[in-house]
Amino acid sequence: MVMEQRQHDRLIVCDHCDTVHRKPFLERGMRTRCTRCRAPLERAQRLDVRGMFALTVAALIVFAIANWSPLASIDVRGARDDSTLWGAIVASWDRRSFIVAALTALTLFFFPLLELLAALVVLAPLARGVRGAHFAAGMHVLRIARDWSMPEVFVLGTIVAVAKLGDIATIHLREGLFAFAALTVLITLVTSFDHAWLWDVATERDR
Amino acid sequence: MTVRAIELDLAVCAVCGQMSREVHDHERHACPRCGSALHLRKPNSIERTWALLVASVLLYIPANLLPVMQTQTLLSRAEPHTILGGVVELWNDGSWYLAAIVFIASVVVPILKISILALLALGVQRRWTSRLYQRAVLYRVVEAVGHWSMLDVYVIAILVALVHFGGLAEVLPGPGIAAFAAVVVMTMLASASFDPRLIFDAGDWP
C-alpha cells in the first residue's frame with residue numbers, strides 16, 4: 001500500500017481530460033500543460049508559504065478599506081453624496097431587489113472574506129511549519145469561495161455606472177474603488193496557487 | 001502513448017488531487033487524504049448540466065424583455081430600461097467602448113455559455129469522437145469568462161445607491177435584473193456541473 005502510494009505521488013492527472021503524466025521537476029514559477037488537451041497541469045509556486053501568508057494579511061487590510069470607504073461621490077447642485085459597497089447593498093434591498101442585494105453581498109463581501117479567512121487558517125500554521133487543525137476545512141472553503149468571489153467584475157461595473165451618470169451629474173471615483181482594484185490583484189495572487197501543491201506541502205509536513 | 005486515469009482504475013480527488021484505486025461510482029468512497037467524496041466522473045453531470053441550461057434559457061427571456069431598471073425624476077414619469085436598451089443608450093452617448101463591454105458581458109457571454117455547454121453536453125451524449133481538443137478548449141473558454149456576466153447586476157446596484165438627488169431623481173431596480181442575476185448563477189452552476197473528461201471518454205485514444 002505504502003509502495004503504491006509513493007508511486008502515485010510521482011504521477012499527476014489532468015483535470016480536463018484524465019490523461020496521466022509523470023510529475024516533472026519544476027523550477028520556481030514554471031508551469032506545465034497537459035500534452036493531450038493543453039490545459040494547465042501544474043505550477044510551481046513563485047512564492048513560498050510565508051510569502052503567501054504575508055500577502056493574505058495585506059489582502060485582508062485592503063479588503064477592510066474597500067468595504068468601508070466610499071466607491072464614488074456624486075455632486076448635484078453643490079450637495080455631495082457618496083456610496084460604499086454596503087450603501088449599494090442596502091439601497092437595492094430597500095427597493096425590494098433582494099436578489100441583486102443578496103448576490104452583491106455574497107460575491108463582493110462574504111465570499112471574498114471567507115476566501116481570505118480560509119487562506120489565513122490554512123497558511124498561518126503552515127508558515128510556522130505545522131499543519132493546522134482546520135487545514136482540510138480551510139481548503140474546502142477556499143475551493144468553493146474562489147468561484148464566487150468577483151471583485152474584478154465589480155471594479156468594471158462601478159466604472160460603467162459612473163460613465164452612465166457622467167452626463168447628468170459630476171462623479172468622482174473614490175478610494176474604495178481603488179482599494180477594490182488593489183484587492184482584485186491581491187486575491188488573485190493569494191488564491192491562484194495550485195491546491196494540490198498545498199495539500200502536498202501539508203502532507204509532507206506530517207511525515 | 002498516453003494513458004488515462006480511468007483505464008488504470010485511478011480516481012483523482014477533485015479537492016486535493018490525491019489518487020485512489022478501486023473506486024466505483026455506485027458505492028460511496030471518501031478520499032483517504034481529505035475526506036471528500038470520490039468519483040471517477042462528476043455524478044449525473046450531463047443531466048444536471050441540461051437541467052440548469054433549460055432553466056437559464058427560460059429565465060433569459062424575462063431577463064431581456066422586462067426592464068432591468070427604471071429612472072424617475074420629479075418632472076417625468078418612470079422610464080423603463082432593458083438590457084439591450086442600456087447598451088443602445090451608452091452607444092448613443094458616444095461611449096461606444098463601454099457599450100461594447102456591457103454588450104459582451106450581458107448578451108454575448110450568457111448566450112455563448114449556454115450554446116457552448118449545450119453543444120458539449122450533446123457531444124457527450126452522442127459520443128462524438130472528433131474535435132476533442134477543440135471542445136476541451138471551448139469548455140475552458142466558458143470557465144474563464146463565466147462570471148463577467150455579473151457586470152450588469154453591479155452596475156444597477158451602484159446606480160440605485162448613487163442616484164437619489166434629494167427626491168428629485170431616482171433609479172429603481174426592475175424585475176428583469178432578478179431574472180438576469182438568476183441566469184448568471186444558473187449558467188455558472190451548469191458549467192461547474194459539466195465534466196470535461198466526458199468529452200474524451202468517447203474519443204479514440206491514440
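This is a predicted model: local features need pLDDT of at least 70, side-chain atom pairs count only at pLDDT 80 or more; totals for chains, interfaces and linings use all residues.
Now, helix 6 of chain A.

Let's move on to where the two chains meet. The contact takes 49 residues from chain A and 50 residues from chain B. On the chain A side, the elements giving two or more residues include strand 1 (11-13), strand 5 (72-76), helix 3 (85-94) and helix 8 (195-206). Which element gives the most there? Our friend helix 6 of chain A, with ten residues. By residue type, that side of chain A divides into 27 nonpolar, 15 polar and seven charged.

Next, the core. The largest nonpolar core has 125 residues, and those with the most contacts inside it include A:Val122, B:Leu151, B:Val153 and B:Phe180. Helix 4 of chain A, residues 98-127, gives the most to this core, with twelve residues. Leaving out residues up to four places away in sequence, B:Val153 touches A:Val100, A:Leu103 and A:Thr104 from chain A, along with B:Ile177, B:Phe180, B:Ala181 and B:Val184 from chain B. As a general remark, nonpolar side chains tend to be buried together in soluble globular proteins.

Now for the strands, starting with chain B. Strand 3 of chain B (residues 69-73) runs antiparallel to strand 4 of chain B (residues 79-81), with three bridges, and a hairpin of five residues joins the two. In this pairing B:Met69 has B:His81 as its bridge partner. Strand 3 of chain B is also joined to strand 5 of chain B (residues 169-173), again antiparallel, by five bridges; there, B:Gln70 stands opposite B:Leu172.

Chain A has a hairpin too. Its strand 3 (residues 31-33) and strand 4 (residues 40-43) pair antiparallel over three bridges, with A:Arg33 opposite A:Pro40. Six residues lie between these strands, and in this hairpin A:Arg38 takes a positive phi near 65°.

Finally, the layout of chain A: domain 1 covers 1-44 and domain 2 covers 47-206, with their C-alpha centres 31 Å apart. Thanks, everyone!

Key: Residues are numbered from 1 along each chain as its sequence is written. Chains are lettered from A and ligands numbered from 1 in the order in which they are written. A nonpolar core is a set of buried Ala, Val, Leu, Ile, Met, Phe, Trp, Tyr and Cys residues joined through C-beta atoms within 7 Å. A residue is buried if 20 or more other C-beta atoms lie within 10 Å of its own, exposed if 12 or fewer, and partly exposed in between; C-beta atoms are placed from the backbone. Helices (H or I, at least four residues) and strands (E, at least two) are DSSP runs, numbered from the N terminus. Two residues are in contact if their C-beta atoms, placed from the backbone, lie within 7 Å. Ala, Val, Leu, Ile, Met, Phe, Trp, Tyr, Cys and Pro count as nonpolar, Asp, Glu, Lys and Arg as charged, and the others, Gly among them, as polar. Two strands pair if DSSP finds at least two bridges between them. Domain bounds come from an automatic or database domain assignment.
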